[in-house]
Amino acid sequence: MSITVYNTLSRQKEAFSPIETDKIRMYCCGMTVYDYCHIGHARTCLIWDVVRSYLQWRGYQVNYIQNFTDIDDKILNRARQENTTMEAVSERFIAAYFEDMANLGVKKADAYPRATHSLDGIKRLVYELEQKGFAYPSEGDVYYSVRNFPDYGKLSGRKLEDLQVGASGRVEVEDPEAAKKKYPFDFALWKASKPGEPSWESNWGAGRPGWHIECSAMVRERLGETIDFHVGGSDLIFPHHENEIAQSEAVTGKPLANYWLHNGMVKVGGEKMSKSLGNFTTIRDLLAKFEPEAVRLFILQAHYRKPIDFTDEALQAATNGWHTLRQGLLFGQQYGAKLNWDKELNFDKNIALEFEKVVDEDFNFSGGLAVLFEVAKNLIKEGNILVHQGKTETLSNELQKQWQTLVKLAEVLGFEAKIDQEVKISNNGLTDEAIETLISRRSEAKKAKNFAEADRIRNELQSQGINLIDQSGGVTKWHRNS
RNA sequence: GGCGACAUAGCCAAGUGGUAAGGCAGAGGUCUGCAAAACCUUUACCCCCAGUUCGAAUCUGGGUGUCGCCUCCA
């Protein structure tokens with residue numbers, strides 16, 4: 001069994017084959033840190049984190065790198081507005097990023113290189129591009145000459161002629177750099193600094209790197225000339241990733257990445273969520289209203305390449321779904337002791353294989369979740385049978401295997417459930433005898449049609465964490481809410 | 001204008017040639033004042049029209065609609 005992935009470069013699903021047998025090099029284009037992260041960032045970070053986790057589950061050792069763009073006009077603008085430095089702004093939002101991701105349950109990448117820490121590599125790349133005839137200096141800037149790179153457009157499926165037709169009348173008018181370029185679609189590798197802006201010394205004078213070059217430099221420095229997965233939001237395909245390919249491959253003559261994977265956009269009200277449209281919700285605002293696991297479930301229930309529409313209704317539905325899954329995950333903690341489970345780890349291979357079979361197909365987490373839900377629902381059912389009838393339908397060790405497999409697979413997807421401590425403590429208040437006494441008192445009240453009293457007793461027990469279940473024949477069962 | 005993707009139930013969503021997973025919501029039942037849990041049952045002309053095939057949600061062609069990229073974007 002092997003993993004297949006949809007490669008943006010070939011526009012089809014391909015069997016995945018790593019460069020090294022059991023190691024994977026993976027790079028994700030991160031954020032420009034000039035503001036709080038929004039839900040779109042959440043989707044990107046979450047989905048690729050889960051992909052990394054799945055690859056680890058499949059036995060690969062993954063080196064996962066995600067960058068921060070901390071040199072950029074937007075950061076500079078923000079610094080000016082707030083009368084501070086670019087560095088201060090980016091530090092602040094990098095810290096906020098880590099907070100948000102921790103709250104979302106997104107695990108850390110292996111390293112977070114920043115543009116400001118990668119200047120040597122960047123300058124070296126620009127220099128090499130210049131030496132090889134792919135770059136030219138112009139008034140203190142340095143530009144990449146796209147016409148010298150025959151493969152330009154191979155990722156996004158564009159031809160230079162097409163770009164010209166579509167963009168004519170727009171690029172030339174609005175682009176202040178147009179006069180310095182030999183060709184409209186050449187892009188900046190290095191920009192001469194303006195007065196008061198942060199700058200670094202270079203062969204071409206004081207300046208700062210362009211946006212795309214940092215990723216080429218960081219990938220090369222951290223992961224090598226060719227990597228397995230290069231991932232990011234689909235809005236980065238053009239021009240960002242196209243330009244990365246042009247920069248890196250012109251220098252090395254080797255593919256930058258074997259597989260280019262892109263996640264779909266987050267939409268709100270049918271429209272793309274973006275900074276420029278101003279229709280974004282920050283992760284902070286979202287997590288004030290919904291549980292992180294609900295957000296995770298919502299994101300993982302759609303295939304990563306499809307656009308998703310964030311609505312309160314959808315998040316509410318996901319919250320309910322998460323509660324179902326959580327109940328299944330709590331099964332062992334609630335009933336394991338009662339079922340005399342030992343500590344042995346024992347997986348249900350059939351479930352795990354079914355999960356793998358589905359998810360191996362281009363990271364179909366939605367299909368994988370269906371497998372988990374079926375197991376969770378069965379455990380919930382068995383839990384109820386146990387509470388109400390004192391036995392289970394399935395053999396205890398079978399249930400243990402199912403539960404352990406569920407917990408493990410859920411963990412791969414980033415879900416974990418913990419018993420609420422408060423409920424546990426409140427349970428210690430009443431003895432079984434006291435509860436039985438109250439129940440018989442309630443039964444008498446019921447017989448006397450004194451329903452107000454009956455409900456009062458129900459509520460009193462409820463508040464102590466005791467659930468009553470009225471069954472046929474006037475029998476009332478009860479169990480603790482742990 | 002160019003490039004690309006998508007269209008499956010009330011909502012969300014998997015499924016890429018063998019007769020429609022799963023989640024949420026709804027209805028009915030086990031059921032008995034209220035309440036809760038669980039289980040069972042139930043809810044799909046797979047956007048339209050042609051074609052290929054024994055067989056199509058799935059492949060091909062043509063429509064229609066929605067969205068993304070082409071400017072900073074995750």
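**Charged pairs and a domain boundary**

Modeller: At 39% relative accessibility, D151 counts as partly exposed, because that term covers values between buried (under 20% relative accessible area) and exposed (over 50%), with a 1.4 Å probe and protein chains only. The model is predicted, so local features need pLDDT of at least 70 and side-chain atom pairs count only at pLDDT 80 or more, whereas totals for chains, interfaces and linings use all residues. Residues are numbered from 1 along each chain as its sequence is written, chains are lettered from A and ligands numbered from 1 in the order in which they are written, and side-chain values use heavy atoms, leaving out hydrogens and water.

The side chain of D151 meets that of K154 in a salt bridge, at 3.7 Å from N to O. The term denotes a side-chain nitrogen of Lys or Arg within 4 Å of a carboxyl oxygen of Asp or Glu. K154 is also partly exposed, with a relative accessible area of 31%.

The structure holds 31 salt bridges. One of them joins R284 and E99, with 3.2 Å from N to O. R284 belongs to helix α9 and E99 to helix α3 (residues 86–104), so this pair ties together parts that are 185 residues apart in sequence. Helices here are DSSP runs of H or I with at least four residues, and strands are runs of E with at least two, numbered from the N terminus. R284 is partly exposed at 29% relative accessibility, and E99 is partly exposed at 45%.

A further pair lies within one helix. E411 and K408 form a salt bridge of 3.4 Å, N to O; both residues lie in helix α15, 3 residues apart, about one turn of the helix. An α-helix has 3.6 residues a turn, so residues three or four places apart point the same way. E411 is partly exposed at 41% relative accessibility, and K408 is partly exposed at 25%. Elsewhere, salt bridges that share partners link D35, R78, E82, R92 and K275 into one network.

We turn now to the domains. An automatic or database domain assignment supplies the bounds, which divide chain A into domain 1 (4–283), domain 2 (329–419) and domain 3 (422–480). The C-alpha centres of domain 1 and domain 2 are 40 Å apart. In contact (heavy atoms within 4.5 Å) are 13 residues of domain 1 and 14 residues of domain 2. These two domains bury about 1,300 Å² between them, 62% of it on carbon and sulfur atoms; buried area is the accessible area (1.4 Å probe) that two parts lose on being put together, summed over both. Within domain 1, T4, Y54 and W57 lose the most area to domain 2, together 48% of what that side buries.

D360 forms a salt bridge with R58, and their closest N and O atoms are 2.8 Å apart. On the side of domain 1 that touches domain 2, β1 (4–7) and α1 (39–57) each supply at least two residues. The largest share of that side, 7 residues, comes from α1.
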